[in-house]
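Good morning, colleagues. Please look at the structure on the screen, and I shall then go through its pockets and its aromatic rings.

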Amino acid sequence: MVEESKQPIVMALTKGRILDEVMPLLERAGIRLLEDYSKSRKLIFDTNMAGLRIMIVRGSDVPTYVEFGSADLGVVGKDLLMEYGEGAFYEPLDLGIARCRLMTAAPVGAQPPRGRVRVASKFVNIARRYFAEQGLQTDIIKLNGALELAPSMGLADWIVDIVDSGNTLRANGLEPLELIADISSRIIVNKAAMKIKHTELSGLLASIEQAVNKQD
């Protein structure tokens, strides 16, 4: 039988939209930070729950912190999980927040290119897998931002990006094409922590799941 740990639980949260949407959810679960994170330069905070600390980091770093055990669990978008690789941790709960779509997009009315397709995206692993499944030969070009400029500047034929309202695409002469995945924020849990801190993590996850069910 695994002995339960008395070490604090550390939860990694993603900066930006996900953080803004997850904090009210955590409050419904009875979890509150002891200070206003929006007015602090700190990255790790105590909470009203004994033994629970929250760290706030870049979304792309959350899976790394959780996989290697610096955080016991975290909240991150499904897009980043798909890009990172999903076998490194448990994914017990879909929070149903920060919903959007991961899609291909191209200039409005553009004909499909002949031969190899140049695709710009920050999701290079997802794009490579997706187009391989479609049987299309592609050159994947990694960009970390301003993807909508790539077709108009002659860098790429298509892009793969997150689409919310689609306004940014339209403003840059693009239109969405194919849906790759519906995206929402998920909880991920370090596999070793789930064994060592099973009682504490199970209770915490149950409280958050109840809060998720209340918002449906």
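Which residues line the second largest pocket? They are Arg17, Glu148, Asp161, Ile162, Val163, Asp164, Ser165, Gly166, Asn167, Thr168 and Leu169. Elements that give two or more residues to this lining are β9 and α6 (167-171); helices (H or I, at least four residues) and strands (E, at least two) are DSSP runs, numbered from the N terminus.

A word on the basis: this is a predicted model, where local features need pLDDT of at least 70, side-chain atom pairs count only at pLDDT 80 or more, and totals for chains, interfaces and linings use all residues. Residues are numbered from 1 along each chain as its sequence is written, and side-chain values use heavy atoms, with hydrogens and water left out.

Next, the largest pocket. Domain 1 (9-99 + 183-214) and domain 2 (100-182) both contribute to its lining, so the largest pocket lies between them; the bounds come from an automatic or database domain assignment. In that lining, α3 (78-84) has the largest share, with four residues.

Finally, the aromatic rings. There are three aromatic pairs in the structure. Tyr84 and Phe89 are stacked, because their ring centres lie 6.0 Å apart and their planes meet at 20 degrees (rings of Phe, Tyr and Trp, its six-membered ring, pair with centres within 6.5 Å; planes under 30 degrees apart are stacked, over 60 edge-to-face, the rest tilted). Tyr130, Phe131 and Trp158 form one aromatic cluster.

How values were computed:
1 Å grid on protein atoms, 1.4 Å probe; cavity = no way out; pocket = protein on both sides within 12 Å on 5 of 7 lines; lining within 4 Å.
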